[in-house]
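Here is a short briefing on one protein chain.

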Amino acid sequence: VESGGGPGPARRPTRLVSGAVGPVASAAPGGPMASVAGSRQPSVETLDSPTGSHVEWCKQLIAATISSQISGSMPTDSVSREYREIQDGHNGYPSDAEVDQALRDGNRLAQMEEAPLFPGESIKAIAKDVMYICPFIGAISGTLTVTDFKMYFKNVEREPHFVLDVPLGVINRVEKIGVQSHGDNSCGIEIVCKDMRNLRFAYKQEEHRLEIFQNLITRAFPLSHGLQLFAFTYKEKFPVNGWKVYDPMTEYKRQGLPNESWKISKINSMYELCDTYPAILVVPTSVKDDDLSRVAAFRAKGRVPVLSWIHPESQATITRCSQPLVGPNDKRCKEDEKYLQTIMDANAQSHKLFIFDARQNSVADANKTKGGGYESESAYPNVELIFLEIPNIHVMRESLRKLKEIVYPTIDESRWLSNVESTHWLEYIRMLLAGAVRIADKIESGKTSVVVHCSDGWDRTTQLTSLAMLMLDSYYRTIKGFQVLLEKEWMSFGHRFAMRVGHGDDDHADADRSPIFLQFVDCVWQMTKQFPAAFEFNELFLITILDHLYSCLFGTFLYNSEHSRIKEEIAARTVSLWSYINSQLDEFSNPFYVNYENHVLYPVASLSHLELWVNYYVRWNPRMRPQMPIHQNLKELLAIRTELQKRVEELQREAVTRSISSSSDRGSSPVATPVHTSV
């Protein structure tokens with residue numbers, strides 16, 4: 001353990017040097033939907049063991065798909081001919097025995113082609129002799145099934161069987177394309193996905209095949225067609241209730257709140273102060289509700305400064321809010337000015353308050369002409385305003401579009417580094433990490449409270465506060481703690497998931513869509529690479545979260561605010577992603593994890609220390625995967641670690657027993673203290 005890459009803190013920060021435990025490469029650990037909990041048909045075994053096939057799905061599906069792609073393609077004509085023979089029989093009048101055999105063969109083939117279903121999932125359309133045009137091995141003929149949750153394509157004549165299983169929630173848009181050299185399959189569509197891939201299919205101009213693609217569009221965008229998202233139909237049962245992971249009162253109590261300077265306020269219990277904030281807020285003790293209402297009127301969308309995190313020793317705080325409505329005439333609000341002074345006074349160790357405005361200074365000036373703005377240091381004494389110069393959601397969306405162009409379907413090896421650089425994706429990741437490090441350092445080293453905002457306080461603000469909290473508080477680096485962090489900073493404080501992701505909505509050109517949450521998770525992954533023993537969770541955990549950001553299988557990421565989720569009874573009507581994850585924690589655990597409590601992590605926010613997350617962004621390319629499934633290696637290491645830990649505990653007990661026995665022989669009885677050892 002060495003001191004590392006950032007400003008020096010009061011408590012010595014821990015920098016776990018990358019590679020200290022050996023280089024840990026990571027495989028793309030899931031299926032085409034890396035984490036989609038395993039599709040299957042309901043059965044007695046399913047009900048008794050609700051999570052088993054989910055785990056198998058995560059481990060095996062993409063491996064099966066890739067192995068089928070690598071194993072060499074069957075000539076398209078051969079596939080199509082064999083399908084025709086099965087469907088049409090042969091010329092002349094078959095005997096009864098031949099008819100029976102044909103029926104048995106047909107039934108067997110139908111069973112092999114049948115799409116496995118989740119509890120509550122139903123098939124909407126099936127079409128045979130559909131051609132999947134794979135960018136890596138060419139055209140493959142098979143059966144396409146559309147359910148109310150997924151698109152399932154399977155070719156059973158290849159060994160191993162070729163399977164493409166795509167949750168409809170990942171579909172961004174469906175476009176008709178022209179196809180050539182595919183025989184009778186004269187029609188084509190391209191399915192543009194949100195998870196960095198495009199899928200192309202060719203099919204015959206026949207009514208029943210046209211019907212399946214109409215079903216595909218209807219089910220991929222249910223909200224645009226008067227239907228509900230599949231999460232409300234999904235009936236899986238898990239032994240753990242993920243909706244109980246986060247309780248705001250429990251989390252604030254863990255932080256030592258309320259205290260003499262901060263109180264738990266229920267002024268927003270009916271979401272009347274701010275409908276995008278949670279019902280429970282932490283605000284300065286001395287602030288009256290009337291003053292809080294005036295502050296809300298002076299802040300965009302009513303998002304007043306409220307506490308996110310408090311330092312357990314210095315009492316320095318991270319508070320979050322939206323921009324003040326200063327406008328071109330430099331409007332002032334004495335309640336808002338006094339409110340920020342009260343936040344500063346709540347920390348006795350500092351007589352200064354830092355405001356981190358995530359925006360570019362020029363953009364903040366432009367917002368000011370439209371009625372927004374930022375805090376003037378003349379109106380807010382003892383305040384220092386810092387612009388972090390992070391571009392807006394539209395820039396981030398364009399950056400991801402460029403990244404997708406260079407990673408799918410083909411990669412230009414000769415220009416790989418320059419192409420990645422041209423997207424600016426890693427530069428924006430660097431800016432977010434650098435901003436969060438500055439915030440964490442002011443709290444930890446400077447013992448100074450900070451206020452964080454952007455324009456509305458639900459995009460860049462959330463990225464920065466949650467990253468800074470992850471650096472400062474080791475609890476958030478555990479599996480449960482990270483879930484609490486997401487539920488608190490992202491879900492309850494109103495990151496607009498539905499708007500940014502576009503769940504069930506066919507308006508793919510919506511300017512409000514942006515990969516804000518994806519960027520945050522990428523930043524977390526960068527931290528896990530720099531501190532491989534500091535996080536309890538592994539890469540599969542992060543990829544699983546991102547896949548279900550789009551899948552609409554769980555209710556966790558649906559809607560734009562806590563208020564909307566309460567109104568739609570999400571907790572009662574849908575399943576939480578945490579129910580699935582917490583039912584098989586070994587799948588998502590990091591075998592190298594060491595719980596260094598009270599250590600602050602300062603990642604090196606330099607492009608020389610950042611890398612493209614290949615196992616997420618380029619996972620669909622079979623040539624970019626490691627030959628050995630790293631996820632399986634991590635599981636084996638986790639099992640070895642458990643066995644070694646048990647052996648250590650046994651040896652400790654034996655040592656204590658021998659010590660007591662030896663002491664008895666000498667007629668003395670010292671208190672034996674067992675040695676605490678981590679493996």
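Seven strands make up an open sheet, ordered β4-β3-β2-β1-β7-β6-β5, with antiparallel pairing. The model is predicted. The protein has 679 residues, and 56% of them count as buried. Its secondary structure comprises 22 helices and 14 strands.

**Sheet**
- From one strand to the next, the twist averages 30 degrees.
- Strands β6 (residues 187-193) and β7 (residues 198-203) run antiparallel and are joined by six bridges.
- V192 has N198 in β7 as its bridge partner.
- As a general point, strands of a sheet pair through backbone hydrogen bonds, in either a parallel or an antiparallel manner.

**Nonpolar cores**
- The largest nonpolar core contains 129 residues.
- Which residues have the most contacts inside this core? They are F201, I318, F482, F517, F520, I545 and Y617.
- Helix α12 (residues 425-444) supplies the largest share of this core, with twelve residues.
- A second core is separate and has 38 residues. Its members include L257, F298, L340 and I343.
- In soluble globular proteins, nonpolar side chains tend to be buried together.

**Around F517**
- F517 is among the residues with the most contacts inside the largest core.
- Leaving aside residues up to four places away in sequence, F517 touches L486, W490, H495, F497, I545, L546, L549 and F557.
- One of these partners, I545, is also listed among the residues with the most contacts inside the largest core.

**Largest pocket**
- The largest pocket has a volume of about 650 Å³.
- Its lining consists of 29 residues. Of these, N172, C193, K194, R397 and L400 lie nearest the pocket centre.
- Which element gives the largest share of the lining? That is α10, with six residues.
- β5, β6, α10 (393-407), α15 (497-501), α16 (516-530) and α17 (539-551) each contribute at least two lining residues.

**Contacts along the chain**
- Among contacts in the protein with a separation of 6 or more, 73% are between residues 24 or more positions apart.

Methods
Residues numbered from 1 in each chain as written. Predicted model: local features only at pLDDT ≥ 70, side-chain atom pairs only at ≥ 80, totals over all residues. Heavy atoms only, no water. Pairing = 2+ DSSP bridges. Helix = DSSP H or I, 4+ residues; strand = E, 2+ residues; numbered from the N terminus. Axes fitted to C-alpha atoms, helices over the stretch in contact; angles between N-to-C directions. Core = buried A, V, L, I, M, F, W, Y, C linked by side-chain atoms within 4.5 Å. Buried < 20%, exposed > 50% of the residue type's maximum accessible area, 1.4 Å probe, protein only. Contact = heavy atoms within 4.5 Å. 1 Å grid on protein atoms, 1.4 Å probe; cavity = no way out; pocket = protein on both sides within 12 Å on 5 of 7 lines; lining within 4 Å. Points joined across faces, edges and corners; volume = space filled by probe spheres on them.
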